[in-house]
Amino acid sequence: MERTANHVEKLDVLIVGAGISGLGAAYYLQREHPQRSYAILEARDSLGGTWDLFRYPGIRSDSDLHTFGYEFKPWRDEDAIASGDKIMAYLHETAAENHIDGKIRYRHKVLGAAWSSAEARWTVDVENLETQELIQFSANWIFMAGGYYRYDQGYTPDFPGSERFSGQIIHPQHWPEDLDYTGKKVVVIGSGATAITLIPAMADKAGHVTMLQRSPTYVMPLPAKDAFANTAQRVLGAKRGYALSRRKNILRQRALYEFCQRFPQAARKAIRHLNATRLPDGYPVDEHFNPSYGPWDQRLCVVPDGDMFDVISRGKADVVTDRIKTFTETGIELESGRHLDADIIVTATGLNIQLFGGVSVSIDGEPVDLSKSFAYKGMMLSGVPNLAFVFGYTNSSWTLKVGLICEHFCRLLTHMDTHGYDTAVPFVSDPGMPSRPMVDFAAGYVQRAANVMPRQSDGLTWGMSMNYFTDVKALRESPVANPNLRFGAARRSAGATDPVALDA
């Protein structure tokens, strides 16, 4: 039965998602435009997004918190590669200090958003998950900050014979709170950041942990503590020391990425050497830690203080590079004929990409196919008015791009206020513009979703940059006015139903 809302709440900006992106958007919006009304809608019952969702052992950042943290709030903890609980504490503190927590509506799931050109507003259908009541919001802008993957379902391939396995099969995205793996034989399938985190976190308590990978991943040991950053904050104070450390780490991240891309063979040798020095003599480094692809063609995994290499060296964990033939009652049979005994199998096999949390979007009654649109400056979509979104970096700290997008978004609102506009919509002027996937990255979770994601092209306007310094030019330094961004003001005369009038 179709439900109808009996009340519509009007706001200037509706932020979807109370994770690291949504809290950042709220901070910049209320700092630069305190007169604007806003709310944050969060389907879960807590803020934090990814950091509240994932509860598996050892969850931590794989970027340093001096760049993964907000530019406006210093990271004061000594650990630069930080655990999930410390990141959550940082986010809660950010929300409380800036009175953002009072703007969050928990257990509010956004279902759909319909744009009216005549009114220059979005009507947003929302379900209150507590009461199952349908609520509607009317907003001039929507800021999509819900991340890029499905929260309700991780990605698990169809493993032959999985129904035969007598133990537990667990996806890290849905980790049971009461799971006791003490003394158990654990097999973790996967070789990405989640698997690399789980192995050392589980190794001492479990009987033995095996990482089963189809192919190797680049793994880089880094200090958990940033000595430079900690010294800088002690000497210069939290604010200045943090700013200096942040700049240093931005440069370091970019330099490492550029070196890997320009000199892949030298980078491969350097990473292999680092791995070999942390592993036992005679360890088959090339079999388990020497990928077939170049460094940073996929995301490079960080191990703080080389913790994964330590548990391998102590015999508490091992790595097996092979393919799965079938699950059995007692473990996994590999194509090589080897059998891995297991009490628990963890499928650290990735995520399912889902932009905008699966929200349906329509414009004047016509559904929007996101895969047919182009990403404008990496923050809006061609043909879609008054909708901003965040997709952070794949080769650096996600939050670096969050800050730049929020800055540009606020500058855009200021420009519109100055000129009396209430609508902004990107448009593609060249129908023959080159096209490629919005996220040009070799990771499996990206490739699986390439056909449903928006597109990108070349240049600052339509390129989906993964370079912080390029984005500084495009988002912080370049003018808001752009030949491919149309501004307009809705006609609000009595009875007017004409679409919005747009000016270039």
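Is Gln 213 buried or exposed? At 2% relative accessibility, Gln 213 counts as buried (under 20% relative accessible area; exposed is over 50% and partly exposed lies in between, with a 1.4 Å probe and protein chains only). Please keep in mind that this is a predicted model, where local features need pLDDT of at least 70, side-chain atom pairs count only at pLDDT 80 or more, and totals for chains, interfaces and linings use all residues. Residues are numbered from 1 along each chain as its sequence is written, and side-chain values use heavy atoms, leaving out hydrogens and water.

- Gln 213 belongs to strand S9; strands (E, at least two residues) and helices (H or I, at least four) are DSSP runs, numbered from the N terminus.
- Neighbours within four places in sequence aside, Gln 213 is in contact (heavy atoms within 4.5 Å) with Gly 190, Ser 191, His 288, Val 319, Val 320, Thr 321 and Asp 322.
- Strand S9 (residues 208-213) runs parallel to strand S8 (residues 185-189), and five bridges join them; two strands pair if DSSP finds at least two bridges between them.
- Val 188 has Met 211 of S9 opposite.
- Five strands make up an open sheet with parallel pairing, in the order S7-S16-S8-S9-S12.
- At the edges of this sheet are strand S7 (168-170) and strand S12 (317-321), each pairing on one side only.
- On average, neighbouring strands here are turned by 20° against each other, direction ignored.
- Helix H5 (residues 193-203) lies across S8, S9, S12 and strand S16 (344-347), and runs at about 165° to S9; axes are lines fitted to C-alpha atoms, for helices over the stretch in contact, with angles from 0 to 180 degrees between N-to-C directions.

**The antiparallel sheet**

- Another open sheet has three strands in the order S13-S14-S15, with antiparallel pairing.
- One side of S13 and one side of strand S15 (339-341) have no neighbour in the sheet, because these strands stand at the edges with a single partner strand each.
- Four of the five residues of strand S13 (residues 324-328) are buried.
- A hairpin through two residues joins S13 to S14, and four bridges pair S13 with strand S14 (residues 331-334).
- Ile 324 has Leu 334 in S14 as its bridge partner.
- S14 and S15 are joined by three bridges, and Glu 333 has His 339 in S15 as its bridge partner.

**Rings and charges**

- Rings of Phe, Tyr and Trp (its six-membered ring) pair if their centres lie within 6.5 Å; planes under 30 degrees apart are stacked, over 60 edge-to-face and the rest tilted.
- The count by this rule is 28 aromatic pairs.
- Tyr 148 and Tyr 149 form an edge-to-face pair, because their ring centres are 5.4 Å apart and their planes stand at 80°.
- Tyr 148 is buried at 15% relative accessible area, and Tyr 149 is buried at 5%.
- One aromatic cluster is formed by Tyr 27, Tyr 28, Tyr 70, Phe 72, Trp 75 and Tyr 90.
- The charged end of Arg 486 sits over the ring of Phe 427, 3.8 Å from its centre (the rule: NZ of Lys or CZ of Arg within 6 Å of the ring centre and within 35 degrees of the ring normal).
- Lys 205 lies over the face of Tyr 181, 5.0 Å from the ring centre.
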